[in-house]
Structure formats: C-alpha cells, structure tokens
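Me: Hi! I am new to reading protein structures. Could you walk me through pockets and rings?

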Amino acid sequence: MKKKLPSVLQLLMTLTMILGYGAANAANPGAWKIVYDKTGKNLRLTRAAGNVDMRLYASYKLNGRLVTSKDYTACTITSKPLNDAFGKGTLLQATYRGSNLPVLVQSFYQYPGKDYLLTDFTLEAAGSNIASNYMAPVNITDMTQPLGGDNLRALFVPFDNDKWIRFKSHPLDFSSLTSYETTAVFNGNSRKGLVVGSVEHDFWKSAVVMERNTNSKGYSLTCYGGAADSTTRDLLPHGAKEGHIIRSPKVLLGVFNDWRTGMETYGVANATVAPRRPWTKGVPMGWNSWGVLQFKINYQKALEVSDFFKANLQPNHFGNGKDEIVIGLDSGWDSFTEDQLKDFVKHCEANGQVAGIYWTPFTDWGKNPEGSLREAPGFKFKELYLYANGKPQDIDGAYAIDPTHPAIEARMKKVSELFRRCGFKYVKMDFMAHGAVNADKWYNPEIRSGIQAYNYGMQLLDKYFGDMYINLSIAPIFPASYAQSRRIACDAWNKIKDTEYTLNAVSYGWWLDNVYQFNDADHVVLQQATEGENRARVTSAVITGLFIAGDDFSNGGSEEGKSKAKEFLTNAEVNAAATGRSFRPVEGTGEKSEDQFTLTDAQGNTWYAVFNYTDADKDIQLPLQRLGLDARKQYTVRDLWSHREINAAQAIHIPSKDVRFLKISSK
C-alpha cells in the first residue's frame, strides 16, 4: 500500500519552522513565535503582545549529572495541528540530538488568543531504559524581561498548608527563592506578570527556583519536576521516572497584563487537565467541633449544637436559605456509639442540616508498630509505615502510612461502610500529606514517588467515599481533583492574628477556587475576642469561600459565644456576599498579607473588604481605579456591617483590629 504523502501545506509549515520563522505569527501579535538560536543554543520565545522576548532551554539529571538541551549538537523544529482539552492549536516540537545522549523532544502546546503556552519534554533512550528524578522543561535566563519598571515581586507558594506555613510576596532582593508547583513574578505597579507552574501532578512534585544572575540585575527561573525537601515534608530524594521514554511534567508559561488573571488562568488550566470534583448542591456552610469543643465533643452536645443552629441561625439569614448547613464532628467522634452516630445524623436531617464527620486515612496516631489495624486485623502497623532510611516518618506526631498497602484499602472500605450506614454525607479528611512523602519503598512495586503513591491512595478514597462531599484539611495543594474543597491555610481561631493568617493564603492563593469548588477558611470562633475582631473574622470567612463556625453552642457552652453568633452570624447583608467564591486581592505587595480584597458579581456590583490588622486606627481613600472602577462616575457605597451608605469621595475610617466591608454599585 502506498504511503500517504504529506500535503504541500504541511511541508511548508514544517519548512518554515525548521528555518525558525512562523509566517502566521507575523500577522498576529497575540501569537507565540519560537525559534532556535544557534549561537546561544537555546529557544527564543517572542510574542508582540506583552513585549515578550525570553530565552528558554530544558534540563534534566542523568546518572547524577545535569544535562541541558544546550549540550546537544542539533535541533530540528517541526509543527503540526493540535486538538486537545485546551482547544485547537498548534503543537511545535523541538527535537535535540547529540552524541551519547538520549533524544530530547520538547513540545510546545499553543492555542490562539491565549496569553500562555504549555510545554513538556520527553527523553528516549536507544534500546534501553532511562531514569531521572529531575526534569525541568522551563529554564529562563531572565524572568524579569517582560515586566519592566521597578517594584518587582515573586510569589512563594507552599506545597501544603501544614505547620502554619505562609504564602509570601517577595521583593526581588533575594539571592534564591523556591516556590512549589507554581509562581507569579510581577510588577506591583502595573500588575503585569509572568506565571509559571506545573499543571500535572500524577508523578512529580514540582517547584520553581528563582536565582539572581551573577553578572546582571536579572533573575533566572527554573521550573522542574523532582522537588523533595523539608517544605514538601520529605526526608528522601524524589523518586526517578524510568522507562524507554520518560516525560517531564507539563508546565504553563504565560505573560499576563494582570498577574491575578494569570494565576486564575493557571488554576483553570489545572482543572482542564484534572477536572474539579463536581458539586451541584448549595455551598456547605455550618459548624465544626474542633473550634472550641475539640475532644470535649459528645453525643448530647452535638445534638444541642444542631438545635442551636436550627433555632437561632438558620431562620436568620445564616446560609442564605439556599446553602447546605453542615454540622460537622471532628476528631473525638469515636467516643460516640454507632447508634448515637446514626441518631445524630437523623437529628441533623430533622433540623434541615447535613451531618459531617472526620477521618485521617494515612496516619498512625498511636505510633504502635506492633499494633493491629482495627479495620484490617491481619496486619500490624509496622507493615504499613512509610520508612525513610529504615525509620518510620513522624509528621505532626503521627507515623505516615503507605497508601498502596492493601490494608489501607480494607481500612477505607470498613470506615466508609460505617459512615454510610450512619448516613453521613460530608467527610473532612485530614493530615493527607502523610500519604505523599517519599519512602524507601512502597508495597506496590510500580510506585516510584510519594505523589504517585498519594494519587493511588486518593483514587481508593474516591472509590469508597465517592458519593460523599470531601473536604481536605491538612493536605498538599495538588493534586486537587479528589475533593470539592480544601482548607486554604492551617488552623485559625478568633483573634486578628487568625484573620490575618487565613487571609495570607487568600491574598496569594485565592485562585485555588478554580482548582477546587471552594476554599475553606477554617472554623470561625467568636468568644474571647473584640467586636472588631469578630467582624474581621466573619468577613474573612465570607470572602474565602466556606463559612464554618466553631464556638461551643451546646447548652453548657459560652454564653458570650452564643450571643455573638446571634449578632455576627446573622447579618443579612454580610451573609449575602458569602457565595462560596473567593475574593481576589487588590494589590500583591503586602509585607505579610494583603489587606484589601474585591469581587465583582454577575450584576456588576463590586464587593470590597479592607482590613486593619494593626493596633492603630487608619484612614484610606477608596481606590476606585485599582478596583477597576471609573473614578469619574458616581457610585452608591454601602457599609454592610453598619447598614449605612458612605461617601465614596471621603476617607474611610477603619478602627484597629477591624474591617470595612463595602458594596459598591453604580448610581
């Protein structure tokens, strides 16, 4: 049979790319142009829109040696049409060949009108396997090139939310900075930003390293798969990917007029690769026992909390009449009998609520190696541990457990059956990062990395808990497709410092509600705090996404907490803003956190929250232009806490440890 000859058009496309010039790009300033620079032995990425002109190369480790695409002697570039989950576009591939080196093929996935492209690369060995635990598809010689001006910042994104870790916006005065999975490098004045990050999280833990160049003012940037250090909770190096052909993580690289839009786009790109876990019901709002009661929770108190919500909060705007009211038992629920758990669920349902419960699937809190698993008595805990250099890995006071061990599946089956028998529909899963650490080995011999093992365990979780709402607590940011929501930071309670800590994560991680259905602000506690702190804490939850109260509302609980709940959790105008959507920061240059947040709804209203974390009162001018509003127009500005209209032209007074929450509408 005759081979089908390529069309003249395909030959011309290939020829133009080999010559290093895309004719179609010349007429389209939004298109990316990629050529091979023989002198620098790197790829030159240009784009008229955004004034982009960057130099890029790939790198990897082979037998302990760092190899880059610059080490190859020949590069050929070809192009062909592309149609995938991101849409129709062009796949451009740069193929590198060199003596005694595996063939390196770097792919660039380009889509018309997009401010970003995607890239990854493969390594192919001749007739044998190849292994590497470090693959970096993006190495940029100067990450600041497209940004211009001063007030440049780089975003630190943590791997997880454990140990009260923080996001941070760093001025570019550092020698080296590592961010996990993604970063944004941006101009704090113009907001123009470079966004880089992995959009795949099946095998690799990824990171972005930014370093000051020794001979210039610029900074280099490397995005790689293979991160493993104390911030990823690892004691061992990342496992190696092995095979005849191995592939790096796929990375998004984009330049945006507004770095905030870039981070939101990055979130959407992740959800395009691994879609968000679906949810069609109302936003889960309610209560969690870990706020105040903690291990003092019992059957009778749980019933009383449910009744308090029914009598005092649900008829008075909490939940807006359309959200799911969840009354959640946290750690300590094992003091209940099964009959009590069933009765608690029925009691909640009779009160128009959903009952929630808690579990930690990848931990041994007893740290008893000889102990048998209650749900799988044929196994001892020591058979399940994730060992590092022969020792169990102790994180947060619990030993980490292998998600691939068959005892874990047996454990999940038994626990899910209990929850389902009792009628629970909402489960808070905690200390998940224990299942993602690297180990000496895993029960399943095909597993080679901690995040690969974590995916294995989360797929089991989906198998056994798939009909329930899953809320992750302490957990890696990625992978995200196994849960509807995730707590955006670590534990937070009632003081202004708790509000500021939660809002640190909203400041630089609000975009995660494009990856999960909702961001969770953790339990809101009101007792033993000032009224200003109460307003700030409630507002912080409203603008994060999920609104979970945490005071002891049982009959013996604090009267202060109950009284404040009736006042601060029932403000109809404030609660109307609690739609499950996260507000974006107005700026990105805060020393610790941002203090201004905004959201524009479908009706064109702009919601604006400005916090005062300090001990001194302050006054600010309403920043209409930075909010995307026309300073020449007149607006109705309403203070949602005081129920008063204020003058947009006058200074806004914010008492110490307080907030102003405004709704801005066109007149």
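Reply: Happy to! Keep in mind that this model is predicted. Let us begin with a term: helices and strands are DSSP runs, numbered from the N terminus, and lining residues of a pocket have an atom within 4 Å of one of its grid points.

Me: Which element gives the largest share of the lining of the largest pocket?

Reply: That is α6, with five residues. Along with α6 (406-422), at least two lining residues each come from α5 (338-350), β23 (354-359) and β24 (363-364). The lining has 40 residues in total, and Ser-331, Tyr-358, Trp-359, Thr-360 and Trp-365 are the ones nearest the centre of the pocket. Its volume is about 1,000 Å³.

Me: How many residues of that lining are nonpolar, polar and charged?

Reply: The lining divides into 17 nonpolar, eight polar and 15 charged residues.

Me: Now the rings. Why is the pair of Phe-186 and Trp-259 called stacked?

Reply: Planes under 30 degrees apart count as stacked. Here the planes are at 10 degrees, with the ring centres 4.2 Å apart, so the pair is stacked. Phe-186 lies in strand β14 and Trp-259 in helix α3, 73 residues apart, so this pair links distant parts of the chain.

Me: Is Trp-259 buried or exposed?

Reply: Buried means under 20% relative accessible area. Trp-259 has 1%, so it is buried, and Phe-186, at 0%, is buried too.

Me: Which residues do ring pairs link into a cluster?

Reply: The cluster holds Trp-333, Phe-344, Trp-359, Phe-419, Phe-424 and Phe-465.

Key. Residues are numbered from 1 along each chain as its sequence is written. This is a predicted model: local features need pLDDT of at least 70, side-chain atom pairs count only at pLDDT 80 or more; totals for chains, interfaces and linings use all residues. Side-chain values use heavy atoms; hydrogens and water are left out. On a 1 Å grid over the protein atoms alone, a cavity is a set of points where a 1.4 Å probe fits but cannot get out, and a pocket is an open set with protein on both sides within 12 Å along at least five of seven lines; lining residues have an atom within 4 Å of a point. Grid points are joined across faces, edges and corners, and a volume is the space filled by probe spheres set on the points. Helices (H or I, at least four residues) and strands (E, at least two) are DSSP runs, numbered from the N terminus. Ala, Val, Leu, Ile, Met, Phe, Trp, Tyr, Cys and Pro count as nonpolar, Asp, Glu, Lys and Arg as charged, and the others, Gly among them, as polar. Rings of Phe, Tyr and Trp (its six-membered ring) pair if their centres lie within 6.5 Å; planes under 30 degrees apart count as stacked, over 60 as edge-to-face and the rest as tilted. Buried means under 20% relative accessible area, exposed over 50%, partly exposed in between (1.4 Å probe, protein chains only).
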